[in-house]
Each structure stands twice: as structure tokens, then as C-alpha cells.
Amino acid sequence: MDDVKKSTIRLTHWIDHNLDHLKGYAEMAQILEKEGVVEAAQQIRNGMGLIEEANAAFVKALAL
């Protein structure tokens, strides 16, 4: 298997892996909000946005 194919497989894995983590982060943010720890929940959501940006970049890389 060549390096380009390996990179495609790895990028696909990272995208899926990040999506799985985003679900857990969203659950934690929701729990913290319910507990009144709103600022921490917002920081988690900010981090989620960064991960979503990374995934978008990975998707663009795959397209190339």
C-alpha cells in the first residue's frame, strides 16, 4: 500500500474518531450546563468548534 492510500485511511479514521469524541464532549457540556457550570460547558463547546474546524480541514485534504 502506498503512502497516499495510507494517508487517506488515516484521515478517514481521524475524522470518524473526532466525530465519536464530539458526541461525548456534547454530553459532558450538557451535563455541566444542567449542573450550573455554564462557563466550563461553554469552554468545551469552544473546543468542539476547533475540532469541527480540524475535521473540515481533514475532509478538504481527503478531497485533494
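User: With which side chain does the side chain of Asn-55 make a polar contact?

Analyst: In this predicted model, the side chain of Asn-55 makes a polar contact with the side chain of Asn-18, at 2.9 Å. The cut-off for such a contact is a pair of N or O atoms within 3.5 Å. Asn-55 has its place in helix H2.

User: Why is Asn-55 called buried?

Analyst: Buried means under 20% relative accessible area. Asn-55 has a relative accessible area of 6%, so Asn-55 is buried.

User: What makes the pair of Trp-14 and Phe-58 tilted?

Analyst: The search of the whole structure finds 1 aromatic pair. The ring centres of Trp-14 and Phe-58 are 5.9 Å apart, and their planes stand at 45 degrees. Centres must lie within 6.5 Å to pair; planes under 30 degrees apart count as stacked, over 60 as edge-to-face and the rest as tilted. The value of 45 degrees therefore makes this pair tilted. The pair links distant parts of the chain, with Trp-14 in helix H1 (residues 3-34) and Phe-58 in helix H2 (residues 38-63), 44 residues apart.

User: Why does Trp-14 count as partly exposed?

Analyst: Partly exposed lies between the buried limit of 20% and the exposed limit of 50%. Trp-14 has 34% relative accessibility and therefore counts as partly exposed. Phe-58, with a relative accessible area of 24%, is also partly exposed.

User: How do you know that H1 and H2 are roughly antiparallel?

Analyst: H1 and H2 pack at an angle of about 165 degrees, with their axes 9 Å apart. Angles over 145 degrees count as roughly antiparallel, and H1 and H2 are therefore roughly antiparallel to each other. By class, their contact has 20 nonpolar, 5 polar and 3 charged residues.

How values were computed: Residues are numbered from 1 along each chain as its sequence is written. This is a predicted model: local features need pLDDT of at least 70, side-chain atom pairs count only at pLDDT 80 or more; totals for chains, interfaces and linings use all residues. Side-chain values use heavy atoms; hydrogens and water are left out. Rings of Phe, Tyr and Trp (its six-membered ring) pair if their centres lie within 6.5 Å; planes under 30 degrees apart count as stacked, over 60 as edge-to-face and the rest as tilted. Helices (H or I, at least four residues) and strands (E, at least two) are DSSP runs, numbered from the N terminus. Buried means under 20% relative accessible area, exposed over 50%, partly exposed in between (1.4 Å probe, protein chains only). Axes are lines fitted to C-alpha atoms, for helices over the stretch in contact, and angles run from 0 to 180 degrees between N-to-C directions. Angles under 35 degrees count as roughly parallel, over 145 as roughly antiparallel, 65 to 115 as roughly perpendicular and the rest as oblique. Ala, Val, Leu, Ile, Met, Phe, Trp, Tyr, Cys and Pro count as nonpolar, Asp, Glu, Lys and Arg as charged, and the others, Gly among them, as polar. A polar contact is a pair of N or O atoms within 3.5 Å; within protein, one must be able to donate a hydrogen and the other to accept it, and residues adjacent in sequence count only if both atoms are side-chain atoms.
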